[in-house]
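Subject: Structure handover

Hi,

Here is the structure I promised to pass on. Have a look at it first, and my notes follow below.

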Amino acid sequence: MNSDIAPTEFSRAAAVIADSFFKDPVYRWLYRTDDNMRRFLPIVFETYLKHTLCFGFQKRTADFGSFMIAVIPNEERALWDDPQWEPFKLVHAKMCEDLAQPDIHDRFCLMEDVFESLKTDVLKDKYGDVFYLTIIASDPAHQGKGYARNLMQLLLQRADAEQKPIYVECTSDLSARFYRKLGFHEISKTHLPGQDGQADVQIVVFWRDPQGPTTLAIQ
């Protein structure tokens, strides 16, 4: 049985999501080391769960093996304009300062600009009129069991019912195959610039039109 993620479950959910994203190229680009990933990711994801509670579509499997977060249509601007977002960035900056790693916060700000520019360039006047899938994650021990796909079906059904498309950024071939199987197609790409000998991190945008008599298509 799939359920909403309750606020009392945010810490547990964040720990699983952090494990799922431990090898993610974007977070590796941002935090660089295993120690930094372990320090930052649980706090980042728990804060994000709290922040999206009023704006998002948050679901989990009964065994806490998989989680999904999507920002619902007409809430995208409100999410990033919400006064709580600035304190989150300040907390992140303070963590970087305490750890004597200001370069992480610099990369965080660059990453935020890259993703925001990507959404603005791709969506244009459709900005805010889509479901924005921000997290689909499974405990590594549960991956390959179809749990994430089951959660995604909830989002697909709601998007189809409301006749809204779904937008998601993707950073791995495995995720790309997952989205293609669910009817998504690639519409754009960008990258985070490689630094200190690192390669660029490719970011691919996937899009799914609503299934039904009418669609909202990106040309």
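To start with the fold as a whole: among contacts in the protein between residues at least 6 apart in sequence, what percentage joins residues at least 24 apart? The answer is 72%, where contact means heavy atoms within 4.5 Å.

Before you go on, please note that this is a predicted model, in which local features need pLDDT of at least 70 and side-chain atom pairs count only at pLDDT 80 or more, while totals for chains, interfaces and linings use all residues. Residues are numbered from 1 along each chain as its sequence is written, and side-chain values use heavy atoms, with hydrogens and water left out.

The overall picture

The protein has 8 helices and 7 strands; these are DSSP runs numbered from the N terminus, helices being H or I with at least four residues and strands E with at least two. Its radius of gyration is 17 Å, close to the 17 Å from the globule rule for 219 residues, so the protein is as compact as a globular protein of that length. (That radius is taken over C-alpha atoms, and the rule is 2.2 Å times the number of residues to the power 0.38.) Of the 219 residues, 47% are buried, meaning under 20% relative accessible area with a 1.4 Å probe, protein chains only; exposed is over 50%, and partly exposed is in between.

The sheet

The 7 strands make an open, mixed sheet in the order β1-β2-β3-β4-β5-β7-β6. Two strands count as paired if DSSP finds at least two bridges between them. β1 (2–4) and β6 (185–192) are at the edges with a single partner strand each, so one side of each has no neighbour in the sheet. From one strand to the next, the twist averages 25°; angles run from 0 to 180 degrees between N-to-C directions, with axes fitted to C-alpha atoms, for helices over the stretch in contact.

At one end, β6 and β7 (residues 201–208) pair antiparallel over 7 bridges, and Lys 189 sits opposite Val 204 in β7. Helix α8 (residues 173–181) packs on the sheet, touching β4, β5 (166–170), β6 and β7, with its direction at about 160° to that of β5. Helix α3 (residues 34–52) lies across β2 (56–61), β3 (66–71) and β4 (131–138), at about 50° to β3.

β4 and its tyrosine

Have a look at β4: 7 of its 8 residues are buried. β4 pairs antiparallel with β3 over 6 bridges and parallel with β5 over 3 bridges. Tyr 132 of β4 is the bridge partner of Val 71, and Tyr 167 in β5 is a bridge partner of Tyr 132.

Aromatic pairs

There are 10 aromatic pairs in the structure. Rings of Phe, Tyr and Trp (its six-membered ring) pair if their centres lie within 6.5 Å; planes under 30 degrees apart are stacked, over 60 edge-to-face, and the rest tilted. Tyr 132 and Tyr 167 are an edge-to-face pair, 5.4 Å centre to centre with 65° between the planes. Tyr 132 is in β4 and Tyr 167 in β5, so the pair ties together parts 35 residues apart in sequence. Tyr 132 is buried at 7% relative accessible area, and Tyr 167 is buried at 0%.

Tyr 179 and Phe 206 make a tilted pair, at 6.1 Å and 35°. This one links helix α8 with strand β7, 27 residues apart. Finally, Phe 21, Tyr 27, Tyr 31, Phe 40 and Phe 45 form one aromatic cluster.

Cheers
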